[in-house]
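Visitor: Please bring up the model, and I will ask about its packing.

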Amino acid sequence: MVYVLLGEGFEESEVIVPVDLLRRAGAEVSLVALAGKTVTSSHGVKVEADCRLKDVDEGKLEMVVIPGGLGGVDAIMGDQSALGLVQRAADRGAYVCAICAGPTVLAHLGIADRRRAVCYPGMEEEMGSAVVQKGQRVVVDGHMITAEAAGSSFEFGLKLVEALKGKDAAHQVKQAVHYR
């Protein structure tokens, strides 16, 4: 199961595109609200989450995804239960994935320490001891996958598909959506 954390002020494309691509590949994905089930994005789009944070079944967790959007990232950083979920996912070897401002959560938790990562340009100083790969759109370091920004949503989503379902599945999804 893939759990995508939704804090108020998340970046829309960094959620919807990867979720769409993962579901096309047959992955089970749940949008997880930190509080109430309706979460408002950074541009005022309201999204109905599949479940609340308290309902996450960690026994099924294969991947946790942290989208960007400064409000959404601030909400996650301010929620000890959300941070705990991300830390436990990393500790047990599940995929921990983040895009745009999201990788700063991984840095804050020490998950990105001395690992290759990318984040939104200009946020590198918030990445602690991560080895930031400036100019890269998506970076994979073991079970940690990070991406640069909203413009990287397709590459990020396809990399998540590849991690969970393999290269063939990622290629099939890429062809199905005519991504070049």
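Guide: This is a predicted model, in which local features need pLDDT of at least 70 and side-chain atom pairs count only at pLDDT 80 or more, while totals for chains, interfaces and linings use all residues. Residues are numbered from 1 along each chain as its sequence is written, and side-chain values use heavy atoms, with hydrogens and water left out.

Visitor: How many aromatic pairs does the structure hold?

Guide: Rings of Phe, Tyr and Trp (its six-membered ring) pair if their centres lie within 6.5 Å. By that rule the number of aromatic pairs in the structure is one.

Visitor: Is the pair of F154 and Y179 stacked or edge-to-face?

Guide: Planes under 30 degrees apart count as stacked, over 60 as edge-to-face and the rest as tilted. The ring centres of F154 and Y179 are 5.1 Å apart and the planes lie at 10°, so the pair is stacked.

Visitor: Which residues of α6 are buried, and on which side do they lie?

Guide: Helices are DSSP runs (H or I, at least four residues), numbered from the N terminus. The buried residues of α6 are A169, A170 and V173. Their arc around the axis, taken from the directions from the helix axis to the C-beta atoms, is only 100°, so they lie on the same side of α6.

Visitor: Which helices do these buried residues pack against?

Guide: Contact means heavy atoms within 4.5 Å. The buried residues of α6 pack against α1 (13-24) and α5.

Definitions and conventions
Buried < 20%, exposed > 50% of the residue type's maximum accessible area, 1.4 Å probe, protein only. Helix = DSSP H or I, 4+ residues; strand = E, 2+ residues; numbered from the N terminus.
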